[in-house]
Amino acid sequence: MSDQDQVPENRLRKELPEEVPVAAPAEGTSQESAEPVLTGRERLVNGLWPPRFSRAQLIVALLLFGLGFGLAVQVASNSDSGNALRGARQEDLVRILDELDDRSQRLEDEKQGLEKQREELENSSDQAEEARKQTVEKEKQLGILAGTVAAQGPGITMTIEDTKGTVEADMLLDTIQELRAAGAEAIQVNGVRVVAGTYLTDSGNSVSVDGNKINAPFRFKVIGNPQDLEPALNIPGGVVQTLEKEQATVTVERSDKIVVDALRAAKQPDYARSSSQ
């Protein structure tokens, strides 16, 4: 072979890097002294423990804890508010629903009565006479509500015996409010007529109604539908249970005729005047 044929091979060897010999392992070393190979589970444990938290992660954890605590308090408060009805018997729940239905029916009857009056005024041949009759009837109704005229009708008599002296004015006020919500049309307490502006205050060991001092036993004479009034007082957590917790004795009697004869003097308003004048 000539020198020209050997030139390419020599040139290629000069361009390639020289081979580096592999260093022989030192004497006395073995595979056991090399770093051990970890399993996947061991790497996971080493990554999780000891725990490493950043500042941002701590802030997020605190915010999540506060949110969870707030939700727990809200759920607990909502659960406490429904304990009274949850612990009620089926008969009590049915009675409460019946009472709500009765209230809705009373409002519907009142609406129909007003619509009927309007139709009578529109269709009456003698509208002036019909208006006069309705005015007289409305005057009687307003007199009963204002306490300026006596009233009678079906209702209940409620007596509260307070031998321990624990019944206070706010308890009697709750009783009046519950009776009004149940459809009471006239109320009298120990000879004092209850009207829209009636107020009750504690006065030593007794209670004052519109400045009139009354003592136990407290006797309520109420005109209204007895089937609505009595169940309203006996609902779970209602007036009767509240008074009995204060060691008071409550008795309720239905009657076909209750007379409310305590009167209030008609008071002329100082500033208000009829807009029709």
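This is a predicted model: local features need pLDDT of at least 70, side-chain atom pairs count only at pLDDT 80 or more; totals for chains, interfaces and linings use all residues.

**Entry 1. Helix 8**

I began with helix 8. Six of its eight residues are buried, so by that cut-off helix 8 is mostly covered. I listed them: Pro 226, Asp 228, Leu 229, Pro 231, Ala 232 and Leu 233. The helices are helix 5 (90–123), helix 7 and helix 9 (239–245). The strands are strand 1 (151–161), strand 7 (218–223) and strand 8 (249–260).

For the chain as a whole I noted that 23% of the 277 residues count as buried.

**Entry 2. Helix 7 against helix 8**

I then took one of those partners, helix 7. At what angle do helix 7 and helix 8 pack? Helix 7 (residues 169–181) and helix 8 (residues 226–233) pack at about 140°, and their axes are 9 Å apart. That angle makes helix 7 oblique to helix 8. I had to check the limit here, because only angles over 145 degrees count as roughly antiparallel. The crossing of helix 7 past helix 8 is right-handed.

I wrote down the residues that meet. Helix 7 brings Thr 175, Glu 178 and Leu 179. Helix 8 brings Leu 229, Ala 232 and Leu 233. By class, the contact has four nonpolar residues, one polar and one charged. Leu 229, Ala 232 and Leu 233 were already on my list of buried residues in helix 8.

A reminder to myself on spacing: an α-helix has 3.6 residues a turn, so residues three or four places apart point the same way.

In what order do the five strands of the open sheet run? The order is 3-2-7-1-8, with antiparallel pairing. Strand 3 (192–194) and strand 8 are the edge strands, and each pairs on one side only. Direction ignored, neighbouring strands of this sheet are turned by 25° against each other on average.

I checked the two pairings of strand 7. Strand 1 pairs with strand 7 in the antiparallel sense over six bridges. Within strand 7, Arg 219 is the bridge partner of Thr 159. Strand 2 is joined to strand 7 by four bridges, again antiparallel. On that side, Phe 220 in strand 7 is the bridge partner of Val 189.

Helix 7 came up again here. It lies across strand 1, strand 2 (186–189), strand 3 and strand 7. Its run is at about 15° to strand 7.

**Entry 3. Gly 183**

I followed the chain into the loop between helix 7 and strand 2, where Gly 183 sits. Which residues does Gly 183 contact, leaving aside neighbours within four places in sequence? They are Arg 106, Ile 223, Gly 224 and Leu 229. Leu 229 is one of the buried residues of helix 8.

Among contacts between residues at least 6 apart in sequence, 76% join residues at least 24 apart.

The peptide bond from Ala 216 to Pro 217 is cis, with omega near 0°. Pro 217 is in the loop between strand 6 (212–214) and strand 7.

Asp 210 is not a glycine, yet its phi is positive, about 55°. It is found in the loop between strand 5 (206–209) and strand 6. Gln 247, also not a glycine, has a positive phi of about 65°. Its loop is the one between helix 9 and strand 8.

Are these residues buried or exposed? Asp 210 is buried, with a relative accessible area of 14%. Gln 247 counts as exposed, at 51% relative accessibility.

**Entry 4. Tally**

Last, I noted the secondary structure of the chain: nine helices and eight strands.

Conventions: Residues are numbered from 1 along each chain as its sequence is written. Side-chain values use heavy atoms; hydrogens and water are left out. Axes are lines fitted to C-alpha atoms, for helices over the stretch in contact, and angles run from 0 to 180 degrees between N-to-C directions. Angles under 35 degrees count as roughly parallel, over 145 as roughly antiparallel, 65 to 115 as roughly perpendicular and the rest as oblique. A crossing is left-handed if the near helix is turned anticlockwise from the far one by less than a right angle, and right-handed if clockwise. Contact means heavy atoms within 4.5 Å. Ala, Val, Leu, Ile, Met, Phe, Trp, Tyr, Cys and Pro count as nonpolar, Asp, Glu, Lys and Arg as charged, and the others, Gly among them, as polar. Buried means under 20% relative accessible area, exposed over 50%, partly exposed in between (1.4 Å probe, protein chains only). Two strands pair if DSSP finds at least two bridges between them.
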